[in-house]
Amino acid sequence: MLKLTPSHSLHQPLSPPSPHTLPFSLLQSCKTQQDVKRTHALSLRTGAFDHPYIASRLLALYADPKINSLDYARSVFDLIPVPDLVSWNILIKCYVENQRSHDAICLFHDLVHEFTPDCFTLPSVIKGCARLNAVPEGKQIHGLVVKIGFGLDKFVQSSLVSMYSRCGEMGYARKVFDQMGEKDLVLWNCLIDGYARCGEVEIALQLFDEMPERDYFSWTCLVDGFSKCGRVEMARDVFDRMPSRNLVSWNAMINGYMKSGDVEMARRLFDEMPTRDVITWNSMIAGYEFNGKFMEALYLFIAMLKEGLVPNHTTFVGALSAVSGLAVLSKGKWIHSLMVKCGIESEGVLGTSLIEMYSKCGSVESALSVFRAISKKKLGHWTAIIVGLGMHGMAERALEMFSEMRRTGLQPHAITFLGVLNACSHAGLVELVRHYFNMMTNDYGIEPTIEHYGCLVFILCRVGNLEEAKDIIEGMPMRPNKVIWMSLLSGSRNFGNINIGEYAAQRLIEVAPETIGCYVVLSNMYAAAGKWDKVSSIREMMKKRGIKKEPGCSYIEHKGMLHEFIVGDKSDTQTKEIYAKMSEMRERLKSAGHVPDTSQVLLCLEDEKEKEAELENHSERLAIAFGLINVEPGSPIRIIKNLRVCNDCHSITKLLSDLYNREIIVRDNSRFHHFKNGLCSCKDFW
DNA sequence: CTAGGGTTAG
């Protein structure tokens with residue numbers, strides 16, 4: 001028999017708890033999500049949850065910006081039999097604050113069946129419209145505001161001015177502003193914000209002078225607005241004139257510099273500023289990433305952790321994109337594990353970031369497992385995996401994914417089709433490219449962008465349908481870019497069509513005179529046709545324009561270190577071993593019957609021996625040699641390079657994968673090559 | 001006893 005000790009009986013009352021006995025102090029003392037969850041659980045156990053006050057208080061706690069747990073807030077809301085207007089308002093606001101404005105507006109639609117929205121509902125839902133740039137919906141709600149008589153509520157009115165300002169509808173913003181008799185500071189700020197961000201510098205400054213008082217907000221609206229319309233110098237001028245600056249002003253200015261590409265100025269302010277918050281760090285990390293400074297972004301992410309700051313959703317998006325740019329798989333895995341530790345879900349945008357990161361780091365299997373683990377797969381997730389599979393030459397699986405996605409009822413958008421077209425064009429499936437291009441325009445009414453045309457032109461050139469490609473280029477509604485002309489030029493070289501080749505080269509020089517490839521391909525084409533006078537005139541042109549070959553660069557990660565190799569590099573600590581390995585590779589290739597293909601080497605080098613030597617020092621060969629020495633057998637050798645893989649490197653890497661029985665994965669500037677057993681996943685089509 | 005409009009990342 002169990003005998004209860006006095007202390008036991010104290011904590012385990014023998015009679016069931018009476019309903020609604022949750023102490024009020026418990027609700028008030030909740031500081032973290034953990035606290036709220038505990039109280040939530042207790043309220044369910046004791047039956048206190050059934051009290052409408054308790055449930056709506058829990059909802060308010062979950063929705064509180066400091067706790068901000070949208071999913072829990074929603075689950076509480078769903079259990080309230082008849083939610084009152086206050087509960088609706090709290091939930092709608094929470095959706096808007098969590099970038100789920102579309103859901104917020106849907107909720108608002110449900111709400112109006114049961115209640116007349118009040119002066120708390122309206123500002124939230126109007127802000128949601130602003131976030132989505134949904135002017136027609138915003139105008140509809142504006143109509144409702146007038147109808148139900150909130151025409152003079154200052155909160156509702158300033159949210160309307162803000163909505164129109166954010167959407168660039170300054171005429172409407174001004175109209176609402178002018179109608180207000182008593183204009184408070186917030187109302188002024190909403191209007192100035194709009195004029196500044198749409199580039200109406202004079203009007204913004206004039207209003208700024210006219211307004212009765214100015215605090216931090218007004219100044220920062222100008223700083224941010226001028227930055228957003230590309231007038232960063234003007235923004236800096238305002239920033240310097242501010243009587244005093246707060247954290248938000250510094251953040252706005254830093255972000256302005258980052259968006260204008262002035263990474264150095266952003267960094268200077270970051271170092272100078274008195275205090276920094278998570279937004280400061282996020283702006284810097286995302287800013288570095290935006291400007292292609294991936295390494296700096298990653299260093300800053302690490303520095304942020306060292307300072308003890310807690311990264312959030314936005315931080316991870318930036319850090320993962322930086323890793324995608326660098327293609328350092330180990331860092332990507334590490335960040336993924338940190339995300340899990342921080343309890344950050346990979347359901348939304350971060351799921352997309354992870355799929356993209358793993359794809360771009362060469363681990364398509366991990367991308368697939370992230371994808372499979374996402375319970376509610378959205379269009380962005382499907383698109384990311386289709387793009388990822390295509391990048392790795394796995395066209396069939398990409399197309400399977402595409403059909404599966406359509407079976408779930410999702411509508412593909414322009415980027416999804418770009419992934420599909422890229423997958424097919426990388427795999428040489430010319431008829432399928434045509435098929436999906438037509439499906440996109442005819443069945444889905446999606447206007448093709450230059451990238452879509454790029455896929456079509458690329459594949460047509462690759463299979464030698466040069467006339468058709470030329471017709472398509474000439475019929476495109478937009479101006480052809482560098483990529484398009486380069487495809488036509490390469491196709492002309494491969495199929496020996498000098499006429500189209502010259503035409504493409506001329507257009508290419510007009511669009512992008514700095515493109516070295518154009519001169520190389522053209523001069524090689526002339527050389528093949530024996531037109532030596534033209535070969536030398538191209539060489540002179542290059543000399544005159546000072547065009548130099550972008551140095552080839554490859555890197556490989558080993559034991560947490562990035563090893564970078566440029567052509568003919570001798571800087572690595574293992575240089576001696578690397579060059580010894582390269583001689584061994586050369587011998588093995590020779591005995592396997594490999595003959596170097598020098599057709600893509602720039603003809604500035606006259607002598608055939610010199611050309612071969614140039615090829616032999618290509619950066620990826622150094623990286624392969626390093627990999628053969630250092631990467632343990634059984635693990636793939638992963639190499640990232642900045643340029644397209646040349647013909648000869650492609651053939652030797654295939655051979656080497658067989659001769660050394662190693663899997664070699666190379667990411668070049670547009671796709672992945674998986675070399676295994678003497679073959680490449682691109683099926684020699686790149 | 002709940003909740004409110006304007007500035008910074010996304």
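Modeller: Start with contact: heavy atoms within 4.5 Å. In chain A, take the contacts with a separation of 6 or more; 61% of them join residues 24 or more positions apart.

Biologist: What kind of model is this, and how are its residues numbered?
Modeller: This is a predicted model: local features need pLDDT of at least 70, side-chain atom pairs count only at pLDDT 80 or more, and totals for chains, interfaces and linings use all residues. Residues are numbered from 1 along each chain as its sequence is written.

Biologist: Why is a space called a cavity?
Modeller: Because a 1.4 Å probe fits at a set of points on a 1 Å grid over the protein atoms alone, but cannot get out. The structure holds 2 such cavities of 30 Å³ or more. About 40 Å³ lies in the largest cavity, a volume being the space filled by probe spheres set on the points.

Biologist: What makes a residue part of the lining?
Modeller: An atom within 4 Å of a point. For the largest cavity, the lining includes Ala327, Cys361, Arg638 and Phe672.

Biologist: Which strands supply at least two residues each of that lining?
Modeller: Strands E3 (637-641) and E4 (664-667). A strand is a DSSP run of E, at least two residues, numbered from the N terminus. E3 gives the largest share, 3 residues.

How values were computed:
Chains lettered and ligands numbered in written order. Heavy atoms only, no water. 1 Å grid on protein atoms, 1.4 Å probe; cavity = no way out; pocket = protein on both sides within 12 Å on 5 of 7 lines; lining within 4 Å. Helix = DSSP H or I, 4+ residues; strand = E, 2+ residues; numbered from the N terminus.
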